Amino acid sequence: MDVEKVIIIGSGPAGYTAAVYCARAEMAPLLFEGQQLGGQPGGQLMLTTEVDNFPGFPEGLMGPEMMEKFKAQAVRFQTRIESKDITRVDFSKRPFKVWAGETEYQAQSVIICTGAQAMWLNVPGEEKYQGHGVSACATCDGFFFRDKNIVVVGGGDSAMEEANFLTKFASKVTIMHRREELRASKIMQKRSMDNPKIEFLWNTSVTEVMGDGEKMTGLKIKNTKTGEEEEFRADGLFLAIGHKPNTGIFKGQVDLDEAGYLLVKPGSSLTSVEGVFAGGDVADHVYRQAITAAGTGCMAALDTERWLAGQE
Ligand code: NAP
């Protein structure tokens, strides 16, 4: 069996950036683009509409279009792309082994860029209006909600942070929380409570996203104590109920933190297994931006190149 120099798992900004750097360093990378998001590789940007904060695109561009460009650039330098989910890995000895179903692949090094997923409510209408009112990233989409009425769901630090950020654009932000006590730190709570544009709706859960077929127009909400239901008019729904890293297949193979994110040596892409590197949101629960994912994907490629050179 051929032993690849490097296998890259994941096809978001981190994976493709790692591929461009590895390919240009003549490492002939083999990249696996996963099919998790409804058969769509490309990571979370596939669920975004306009991306305005990636430097170099002054007019902005749509998330899926951006991922096509990332991919085209990786292919231009002869990255080989397999449209398969990696379902199992064995990092216990080298060469490393990864499997897509029954098919085994071997590599001297592996770069993990499998990303993370925002948690969704899984209520009717939510998926239909994603990118058309429903979002899980205020930094990405908040700008499109100038003078709009927005709802943020969640009671943690992310919800407070997103709500405060959204008041830059929105006329009003309502934080809906399923309990009457916030999980967020006191300082973040205070910042939200002191913000005149933010209101709280306690003991409230969203049961449906309503829309006119094109965009979201409101929500069906339910009081978690009384069970009472009503409709709530809103132009936007931002979910801040946590993220989940895509690390299920790496459990027991490489060190993860308690939330399941890959642990990397600070300031590098080195995981706990020598020869296995990580880039993008799979190892980052703080920044979570396309540009930071691309940056850490680049770091992973450079670290891999240096490590492989050291092996030779
Ligand atoms: P989190 O702390 O886990 O909070 C998630 C919130 O969403 C909780 O309030 C939870 O409600 C709610 N929730 C979960 N599932 C829900 C569902 N199905 N329906 C309705 N509500 C649901 O997540 P996070 O806010 O993303 O923060 C993650 C970590 O990053 C934390 O450690 C946080 O401190 C950190 N963080 C820090 C900063 C900062 O310091 N600037 C900013 C962002 C995040 P319950 O409370 O009822 O469980």
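1. Five strands form an open sheet in the order 10-17-11-12-13, and their pairing is parallel. Its edges are strand 10 (134-135) and strand 13 (198-201), each of which pairs on one side only. Strands here are DSSP runs of E with at least two residues, helices are runs of H or I with at least four, and both are numbered from the N terminus. Two strands pair if DSSP finds at least two bridges between them.

2. The model is predicted: local features need pLDDT of at least 70, side-chain atom pairs count only at pLDDT 80 or more, and totals for chains, interfaces and linings use all residues. Residues are numbered from 1 along each chain as its sequence is written, and side-chain values use heavy atoms, with hydrogens and water left out.

3. Strand 10 runs parallel to strand 17 (residues 236-239), and two bridges join them. Val 134 has Leu 237 of strand 17 as its bridge partner.

4. Strand 14 (residues 204-211) and strand 15 (residues 216-223) are antiparallel, with seven bridges. Gly 211 is bridged to Met 216 of strand 15. Four residues lie between the strands of this hairpin, where Gly 213 has a positive phi near 100 degrees.

5. The ligand is surrounded by 15 residues, the closest being Asp 157, Ser 158, Glu 161, Arg 179 and Arg 183; a residue is counted if one of its heavy atoms lies within 4 Å of the ligand. Helix 4 (residues 157-166) gives the most to this shell, three residues. By class the shell has four nonpolar, six polar and five charged residues. Ala, Val, Leu, Ile, Met, Phe, Trp, Tyr, Cys and Pro count as nonpolar, Asp, Glu, Lys and Arg as charged, and the others, Gly among them, as polar.

6. Oxygen atoms of the ligand lie 2.6 Å from a side-chain N or O atom of Arg 183, 2.9 Å from a polar side-chain atom of Arg 178 and 3.4 Å from a backbone N or O atom of Gly 156. The ligand on its own has 920 Å² of accessible area (Shrake-Rupley method, 1.4 Å probe), and the protein covers 65% of that.

7. One cavity of 30 Å³ or more is counted. A cavity is a set of points, on a 1 Å grid over the protein atoms alone, where a 1.4 Å probe fits but cannot get out; lining residues have an atom within 4 Å of a point. Points are joined across faces, edges and corners, and the volume is the space filled by probe spheres set on them. The largest cavity has about 50 Å³. Its lining includes Ser 158, Glu 162, His 243 and Arg 288, and divides into four nonpolar, three polar and two charged residues.

Key
On a 1 Å grid over the protein atoms alone, a cavity is a set of points where a 1.4 Å probe fits but cannot get out, and a pocket is an open set with protein on both sides within 12 Å along at least five of seven lines; lining residues have an atom within 4 Å of a point. A polar contact is a pair of N or O atoms within 3.5 Å; within protein, one must be able to donate a hydrogen and the other to accept it, and residues adjacent in sequence count only if both atoms are side-chain atoms.
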